[in-house]
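Hi everyone, thanks for making time for this. I'd like to walk you through a few spots in one structure, so let me put it on the screen.

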Amino acid sequence: MTAGKAKIGKIDRELFSEFLLHRLGKADPSVIVPPMTGIDAGVVDIGNGNVLVIAEDPIFAVPKQPLDMFGWYTVHIGASDVAVMGVRPQYMTYSLLLPPETSDTDFRTIVDSIHRTAVELGIAIVGGHTGYYPGFSAPTIGGITVFAITGKDTYVTPAGARPGNDVILTKGPAIETAGILSVLRETDLQKNYPEGLIRDAQALCYQMTVVKDALTAMAAGGVTAMHDATEGGVIGGLFEVAEASGVGMVIDESRFVYPEEVRMVCEMFAIDPVAAIAEGSLLITADQASSEKIIGALAEAGIRSSVIGTVTADPLSRTLKRRDGTTIPLAIPAQDPFWPVFFDSVI
């Protein structure tokens with residue numbers, strides 16, 4: 001990261017690898033899956049053939065959205081990082097940090113929404129922290145930690161992709177980008193697009209979760225790896241799975257599910273949909289013999305998906321064929337194109 005140059009979002013891969021990964025506290029052999037690029041949750045051996053799967057995320061309130069939506073995001077985004085390991089989330093803690101002027105009504109709305117969503121997903125809240133602090137301009141989840149206990153051989157990681165696997169994408173790219181920007185920039189969209197399509201885009205906010213996607217795919221069988229395509233979008237998520245697994249990939253954008261509302265928002269704000277934040281878009285690698293069954297199970301659950309490419313043995317060959325016929329390498333974008341538009345929308 002260049003000195004003095006502002007960056008929004010996660011730290012870059014080089015800083016993560018060269019600095020942070022060498023500062024992980026005491027080494028412990030019970031840590032089976034430690035922090036690494038592209039891994040959504042850690043795994044700890046707790047004995048008796050069981051492991052603890054654990055993940056953490058910060059959550060920020062989205063302007064112009066109701067606070068009960070903030071509570072819904074909190075639980076689903078945290079739970080998604082455990083679900084992509086093929087494990088049903090069981091427990092959570094959260095830290096809710098509030099501006100001192102927050103009303104009692106707003107406080108209760110957020111907490112009630114977190115509670116209701118946790119109940120819907122079957123998650124017990126076992127601890128956390130809640131308080132009012134100067135310096136916060138909006139309610140913020142300093143961290144949600146979601147965890148589950150499962151058998152030692154019953155989970156997957158993004159490092160499990162194998163040559164010959166199919167690559168499956170659910171819902172399409174830029175789900176989070178389209179959902180959030182269609183709320184923040186509704187007036188701009190109304191100048192060029194029909195009201196119904198704008199409402200469809202706003203409804204994508206309720207698809208910013210992969211809990212159902214991941215658990216449905218895992219139950220269908222044949223899954224080797226899963227990864228939530230969040231910051232850096234689908235292209236960044238594909239790179240992370242390939243890098244974690246030490247494999248190559250050949251991906252074809254023309255095979256993506258592409259909701260018309262995603263096309264609309266990305267066209268309006270000149271955003272490359274494959275590079276934009278995509279909470280809700282799940283990447284799955286699976287045995288080719290299982291792909292049809294997985295896609296069928298997802299369809300029965302109301303989730304569109306498609307095979308978008310193949311895992312190959314050559315880690316030096318990771319490509320994405322664009323819809324215009326050009327081919328580019330898989331890579332994590334230097335800057336997710338969502339963030340500049342988002343901050344222009346809220347300043």
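Let's begin with helix 7 and helix 10, which lie oblique to each other. This is a predicted model, by the way, so please keep that in mind throughout. The angle between helix 7, residues 211–220, and helix 10, residues 288–300, is about 135°, and their axes are 9 Å apart. Roughly antiparallel would need an angle over 145 degrees, so this pair counts as oblique. As for handedness, helix 7 and helix 10 make a right-handed crossing. If you want to find the contact on the screen, look on helix 7 for Asp213, Thr216, Ala217 and Ala220, and on helix 10 for Lys293, Ile294, Ala297 and Leu298.

Is Ser291 buried or exposed? It's buried, at a relative accessible area of 3%. And what does Ser291 touch, once we leave aside its neighbours within four places in sequence? The answer is Asp166, Ile168, Ala286 and Val307.

Two of those names take us to strand 7, because Asp166 and Ile168 both point one way from that strand, together with Thr170, and strand 7 is largely enclosed by the rest of the structure, with five of its five residues buried. Val167 and Leu169 point the other way from strand 7, and they are buried too.

Now, which strands does strand 7 pair with? On one hand there is strand 10, residues 282–286, running antiparallel to strand 7 and joined to it by four bridges. Within that pairing, Val167 stands opposite Thr285. On the other hand there is strand 11, residues 305–312, also antiparallel to strand 7, with five bridges joining the two. Here Ile168 has Val307 as its bridge partner. You'll remember both of those residues, as each is in contact with Ser291.

How values were computed: Residues numbered from 1 in each chain as written. Predicted model: local features only at pLDDT ≥ 70, side-chain atom pairs only at ≥ 80, totals over all residues. Heavy atoms only, no water. Buried < 20%, exposed > 50% of the residue type's maximum accessible area, 1.4 Å probe, protein only. Pairing = 2+ DSSP bridges. Contact = heavy atoms within 4.5 Å. Axes fitted to C-alpha atoms, helices over the stretch in contact; angles between N-to-C directions. Parallel < 35°, antiparallel > 145°, perpendicular 65-115°, else oblique. Left-handed = near helix turned anticlockwise from the far one by under 90°.
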